[in-house]
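Let's take a friendly walk through a protein model, one piece at a time. Keep the picture beside you as you read.

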Amino acid sequence: MSRKPPQRYHHGDLREALLREALLMIRESGLDSLSLRQLAQRAGVSASALYHHFENKNDLLCALAELGFVTLDKAVQEAAGDTRGCVRDRTLRFVRAYVSYAADNPEIYELMFGRTIWKSGKPTESLRTLAYDTFRRYVEFASGFDARVGRGRKGLRRAQARWATVHGLCRLIIDGIYAGDADIEGMTAAAADLLVSERT
């Protein structure tokens with residue numbers, strides 16, 4: 001692969017440019033294909049410039065996962081902020097926004113929740129904070145129609161089990177078990193029904 005001519009970036013711009021280029025590389029060839037050396041070449045910068053922002057590959061992957069959490073959180077918060085309709089309608093919008101993000105961004109979703117960082121790597125403190133905050137806001141949404149969610153250890157487990165339902169659906173979609181639009185929408189609606197039924 002040919003190297004781009006050297007680029008001039010402001011300090012903050014280079015980090016964002018590297019993240020954008022890394023996302024493209026992952027979407028083109030998968031996570032395993034990503035290397036810091038190739039990323040520097042594609043961005044047209046020196047390796048030392050790249051290492052100024054990312055100490056190693058794990059740091060880069062954590063930064064990409066952080067970007068994913070920010071984007072996912074924005075999507076689900078917009079859905080949660082729409083208070084029209086009944087509880088089931090609101091829950092369906094929430095689940096649909098979550099599932100849509102995972103289906104549209106499978107590589108990043110895998111990075112956000114997969115073993116590459118959480119088991120095989122080492123999540124940064126900022127990534128842990130973002131992941132926790134995303135889950136906390138989900139608990140706040142769920143507790144709006146079920147006061148038991150998030151209260152005490154049992155309430156936390158209830159929230160985790162509900163999230164696992166949505167996450168499991170996302171994994172099935174990413175793995176190709178449910179690939180058709182009708183199947184995905186049907187399972188999304190069923191997941192929303194299941195979450196709402198757990199109020200009783």
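## A left-handed crossing

Let's begin with two helices: α4 and α8 cross in a left-handed way. In this predicted model, α4 covers residues 57-80 and α8 covers residues 125-143. Two packed helices are described by the angle between their axes and the distance between the axes. Here the axes come within 9 Å and cross at roughly 15 degrees. Angles under 35 degrees count as roughly parallel, so α4 and α8 are roughly parallel to each other.

Which residues of α4 and α8 meet? On the α4 side you will find Cys-62, Ala-65, Glu-66, Phe-69, Val-70, Asp-73, Gln-77 and Ala-80. On the α8 side, their partners are Ser-126, Leu-127, Leu-130, Ala-131, Thr-134, Arg-137 and Phe-141. Sorted by class, this contact has nine nonpolar, three polar and three charged residues.

## The chain as a whole

The chain has 200 residues, and buried residues make up 41% of them. Among contacts in the chain with a separation of 6 or more, 65% come from residues 24 or more positions apart.

## Helix α9 and its two partners

Next, find helix α9, which spans residues 152-174. Its axis and that of α5 come within 9 Å and cross at roughly 35 degrees. This crossing is right-handed. From α5, the contact uses Val-95, Tyr-98, Val-99, Ala-102 and Ala-103; from α9, it uses Trp-163, Val-166, Leu-169, Cys-170, Ile-173 and Ile-174. What classes do these residues belong to? Eleven are nonpolar, with no polar and no charged residues.

Helix α9 also meets α10. The axes of α9 and α10 come within 10 Å and cross at roughly 170 degrees. By class, the contact of α9 with α10 has eight nonpolar, two polar and one charged residues.

## A look at Val-95

Let's zoom in on one residue. Val-95 is part of helix α5. Is Val-95 buried or exposed? Its relative accessibility is 0%, and buried means under 20%, so Val-95 counts as buried.

What does Val-95 touch, apart from its neighbours within four places in sequence? Its contacts are Val-166, Thr-188, Ala-191, Ala-192 and Leu-195.

## Charged pairs

Side chains of opposite charge can pair when their charged atoms come close. The structure holds ten salt bridges. One of them joins Arg-84 and Asp-82, at 2.5 Å from N to O. Are these two residues buried or exposed? Arg-84 has 57% relative accessibility and counts as exposed, whereas Asp-82 is buried, with a relative accessible area of 17%.

Another salt bridge pairs Arg-88 with Asp-193, whose closest N and O atoms are 2.7 Å apart. This pair links distant parts of the chain: Arg-88 lies in helix α5 (residues 87-104) and Asp-193 in helix α10 (residues 181-197), 105 residues apart. Arg-88 is partly exposed at 26% relative accessibility, and Asp-193 is partly exposed with a relative accessible area of 36%.

There is also a salt bridge between the side chains of Arg-171 and Asp-175, with an N to O distance of 2.7 Å. Arg-171 has 23% relative accessibility, so this residue counts as partly exposed. Finally, look for Glu-21, Glu-28 and Arg-42, which are linked in a network of salt bridges.

Methods: Residues numbered from 1 in each chain as written. Predicted model: local features only at pLDDT ≥ 70, side-chain atom pairs only at ≥ 80, totals over all residues. Heavy atoms only, no water. Salt bridge = Lys/Arg side-chain N within 4 Å of Asp/Glu carboxyl O. Buried < 20%, exposed > 50% of the residue type's maximum accessible area, 1.4 Å probe, protein only. Helix = DSSP H or I, 4+ residues; strand = E, 2+ residues; numbered from the N terminus. Axes fitted to C-alpha atoms, helices over the stretch in contact; angles between N-to-C directions. Parallel < 35°, antiparallel > 145°, perpendicular 65-115°, else oblique. Left-handed = near helix turned anticlockwise from the far one by under 90°. Contact = heavy atoms within 4.5 Å. Nonpolar A, V, L, I, M, F, W, Y, C, P; charged D, E, K, R; others polar.
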